[in-house]
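Dear colleague,

Please find below the structure for your review. My findings follow it.

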Amino acid sequence: MEASALCAMYKRIFALRNELTDVAVDELVGMFDLTDSVLLRHEIAYALGQMQRTHAEPFLRRVLADLDEHPVTRHEAAEALGAIGSAHNLDVLREFVHDHAPEVSQTCALAVHRIEHAIERGACACEKTAQAALARDAAAAAAAARTREACLLYTSDAADEEDS
């Protein structure tokens with residue numbers, strides 16, 4: 001992959017990460033399957049973890065379980081599952097706590113601990129605050145887009161009336 005295509009794909013990964021939607025998750029999953037780059041595949045798993053969308057969990061579990069996948073990518077899938085924090089991911093994470101790749105096994109152990117801690121004590125306030133801010137920012141961006149769209153429609157309608 002040439003440098004400009006790599007750069008464009010990298011930028012797209014992080015633009016999608018900021019969308020926080022299931023559609024963005026699906027596009028990231030599609031991008032994952034289009035590249036053999038370990039760096040990009042790792043970054044996609046990383047972005048999915050930051051998004052904390054449960055919609056990404058089946059994909060991340062598949063990546064973690066794929067022993068042909070690069071250990072760095074599998075590690076990032078485990079970390080993403082831990083970041084999402086769903087209790088139903090504990091079984092798959094526990095399954096790989098003894099993985100042959102230390103980066104995978106150690107990350108799975110940390111992810112299990114993080115989820116168990118969240119179940120026992122609740123998510124830490126700093127995580128709640130960051131996710132609330134991301135959700136608020138996403139809602140504000142969506143509202144701004146709707147406002148721009150409404151203004152364009154109004155301007156278009158007004159121009160049509162003047163032409164009549």
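Which helices are among those that cover the buried residues of H1? The model is a predicted one, and in it the cover over the buried residues of H1 includes H2 and H3.

Helix H1 comprises residues 3–17. Its 15 residues should span 21 Å at 1.5 Å a residue, and the end C-alpha atoms are 21 Å apart, which agrees. The buried residues in H1 are Met9, Ile13, Phe14 and Leu16. Viewed down the axis of H1, the buried residues lie within an arc of 160 degrees, so they line one face of the helix. Exposed residues Ala3 and Lys11 are carried on the face of H1 turned away from the buried side.

Helix H4 (residues 57–65) has Glu57, Phe59, Leu60, Val63 and Leu64 buried. These residues cover an arc of only 160 degrees around the axis, which puts them on the same side of H4. Their cover includes helix H2 (22–34), helix H3 (38–51), helix H5 (71–84), helix H6 (90–95) and helix H7 (102–121).

I would also draw your attention to Arg74, which is located in helix H5. Is Arg74 buried or exposed? Its relative accessible area is 1%, and because buried means under 20%, Arg74 counts as buried. Setting aside residues up to four places away in sequence, Arg74 touches Val63, Leu64, Asp66, Leu67, Glu69, Phe96, Asp99, His100 and Val104. Two of the residues on that list, Val63 and Leu64, are buried in H4.

Yours sincerely

Technical notes: Residues are numbered from 1 along each chain as its sequence is written. This is a predicted model: local features need pLDDT of at least 70, side-chain atom pairs count only at pLDDT 80 or more; totals for chains, interfaces and linings use all residues. Side-chain values use heavy atoms; hydrogens and water are left out. Buried means under 20% relative accessible area, exposed over 50%, partly exposed in between (1.4 Å probe, protein chains only). Helices (H or I, at least four residues) and strands (E, at least two) are DSSP runs, numbered from the N terminus. The arc is that of the directions from the helix axis to the C-beta atoms. Contact means heavy atoms within 4.5 Å. The expected span of a helix is 1.5 Å times one less than its number of residues.
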